[in-house]
Amino acid sequence: MNSLLSPVLVKNNTVQAVEHVESSEYNEAFIRDLCFENPNLIPISEIDTKASSLISLCTEMSIKSGFCDVLFIDQNGIITIVECKLFKNPEAERKVIAQLLDYAKDFVEMDFSMLEKKVCDRRQDVKSLYDIVGKDNDSFDYDTFKEKTERNLKDGNFNLLIVGDKVRANVERMVNFMNSYSKMSFTLAIVELQMFKLPDNSIFIVPYCIAKTVEWRLNVLQNEQTKTTVLDSAITRHDNDEFYKRLSQYIDITNTSALKNFVDDLSSSFPIITQLGRGKCLSLMIKTDDEQANLFTVSENGNVDFYGLIYDSISDQRKKIGYEYLNKLAEIFNFKLDTVGLHWQVVPRRNKKRVTISEFLSDTESWKNAISDYIVSKQKLDEANY
C-alpha cells in the first residue's frame, strides 16, 4: 500500500517532528464537513482529467439507498459523490464500495430537475443549481450546463470517491483489480487525508489519491416482476460481446455480425476507438482516437445516434465538417437530421421514425467513405490549428 512518511517542520533552523493526528480525535462528520467546506482538498485533476474545479452542492442528501455524504459538481456537469469513512471501522472495507455503487445506481435514475430539487430541498438557501454554480459568473451558460448534467446523469458519468484517514490494503487492491480487469463507465477513486498536528495545535492536511479505476461500466437491470432496479456488478473482459449479444435480441444475427465486422474494419483502417455507453441501455460508441468526435453510437435496441458533431459550443470549423459528414449520411440513407438539446444529439429520422442500424448496414462502403472524409478533414483542421 502507498503511504507517506511523517513530515517534519523546519522553523528557525530547528527541525521538529510533526505528530500524526489519530482518527480517535475526529469522526466521519468532521471529514464530511471538511470536504464540503474545502472542495480543493479533493485532488480532482488527478482523478478525472476532464473535470474542472469542484463546486460543493450539499451534504447528507437523501437518495433511495441512503444518504450521500458529500455531493459536488463542476461547470461541465460532472458529478462527484463522496463517501467518508474512517478505516478503523471493520465494516468499512466490506460495505463502502458496494454503498457507492448503490448511490451511482440511484443517480442514474435521476434527471436534472430531480437532482436540482433534492439539492435545493437539502440546502434551503438556494432556489436552483444556478444559484450555486453560476450566480457569480457572468459568462456561465446555464442551459448548456443543464444539458451536460442531464447527459452525465443518463450516462452514469460520475466520480465516486472514498475519502478517509487511512486506506487498508485490501480496499486498495480491490480498486486496482477493477482497474486492471475491466473498462468501466464512471471513475472510482480512494483519497486519503493524512492529518498532522503542528506545534501550535493547528492541523496540516495532505490529500493523497491512493488508487483509482479508469472506467467502470454501470449495468442496471430491471426486474420485470418487482420493477426494482438491480446493480449487475459482474466484471468481464467481454463487454463488447455482451453488447452484441443484447443487440442480436433486437436485430437479426446477420446484421449483428455485419456491424461487428464493420466496426472491426473501421478499427483497422482508421485511428478510432470503441467505448461502451453508460446509460440504462447499453450502447457502443465509435469515436476518433482523441475522443473529440463521436462518429456514431449504436444502442442495444438498434437505434443510431450522433453526439457532439455539430454541438453549439464547438468551433464553427468543427461544426462545418460535422454537418458535411451528417449530410452525406442523410443523402446516402435518405433521412433527415433531428437535433436535440443545443444540437448535442442528432437522431436520423425518416417519416418521423428512427433509421436503425440495419438500414445503415445496407451500404457500409459508402458509410466508411463518409467516415474517412470526416477524419481526413478533422486531421487537416487539427493541423491548421496546432
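Biologist: How many residues does the largest nonpolar core have?

Modeller: Bear in mind that this is a predicted model, where local features need pLDDT of at least 70 and side-chain atom pairs count only at pLDDT 80 or more, while totals for chains, interfaces and linings use all residues. Residues are numbered from 1 along each chain as its sequence is written, and side-chain values use heavy atoms, with hydrogens and water left out. A nonpolar core here is a set of buried Ala, Val, Leu, Ile, Met, Phe, Trp, Tyr and Cys residues joined through side-chain atoms within 4.5 Å, and buried means under 20% relative accessible area, exposed over 50%, partly exposed in between (1.4 Å probe, protein chains only). Leu259, Phe296, Trp367 and Ile371 are among the residues with the most contacts inside the largest core, whose residue count is 40.

Biologist: And how many residues are in the other core, the one that lies apart?

Modeller: That core includes Ile63, Ile73, Val108 and Leu188. Its residue count is 37.

Biologist: Which residues is isoleucine 371 in contact with, leaving aside its neighbours within four places in sequence?

Modeller: Contact means heavy atoms within 4.5 Å. Setting those sequence neighbours aside, isoleucine 371 touches Phe262, Leu266, Phe270, Leu295, Phe296 and Tyr325.

Biologist: At roughly what angle do the axes of helix H9 and helix H12 cross?

Modeller: Helices (H or I, at least four residues) and strands (E, at least two) are DSSP runs, numbered from the N terminus. Axes are lines fitted to C-alpha atoms, for helices over the stretch in contact, with angles from 0 to 180 degrees between N-to-C directions. For H9 (residues 253–269) and H12 (residues 364–385), the axes come within 12 Å and cross at roughly 35°.

Biologist: Which residues of H12 does H9 meet?

Modeller: H9 brings Phe262, Asp265, Leu266 and Ser269 to the contact. Their counterparts in H12 are Thr364, Trp367, Lys368 and Ile371.

Biologist: Over to charges: how many salt bridges does the structure hold?

Modeller: A salt bridge is a side-chain nitrogen of Lys or Arg within 4 Å of a carboxyl oxygen of Asp or Glu. One of them pairs aspartate 125 with arginine 123 at 3.1 Å, N to O; aspartate 125 is exposed at 53%, whereas arginine 123 is partly exposed at 25%. The total in the structure is 19.

Biologist: Which residue forms a salt bridge with glutamate 60?

Modeller: The closest N and O atoms of this pair are 3.3 Å apart, and the partner of glutamate 60 is arginine 32. Glutamate 60 sits in strand E4 (residues 55–63) and its partner in helix H1 (residues 28–37), so the bridge ties together parts that are 28 residues apart in sequence.

Biologist: In which helix do lysine 320 and glutamate 324 lie?

Modeller: These two form a salt bridge with closest N and O atoms 3.7 Å apart. Lysine 320 is exposed at 54%, and glutamate 324 is partly exposed at 35%. They are four residues apart, about one turn of the helix, and both belong to H10 (residues 316–333).

Biologist: How far apart in space are threonine 356 and aspartate 305?

Modeller: Threonine 356 is in the loop between strand E18 (353–354) and helix H11 (357–360), and it is partly exposed at 25%. Beyond its neighbours within four places in sequence, threonine 356 contacts Gly302, Asn303 and Val304. Threonine 356 and aspartate 305 are 51 residues apart in sequence, and their C-alpha to C-alpha distance is 9.3 Å.
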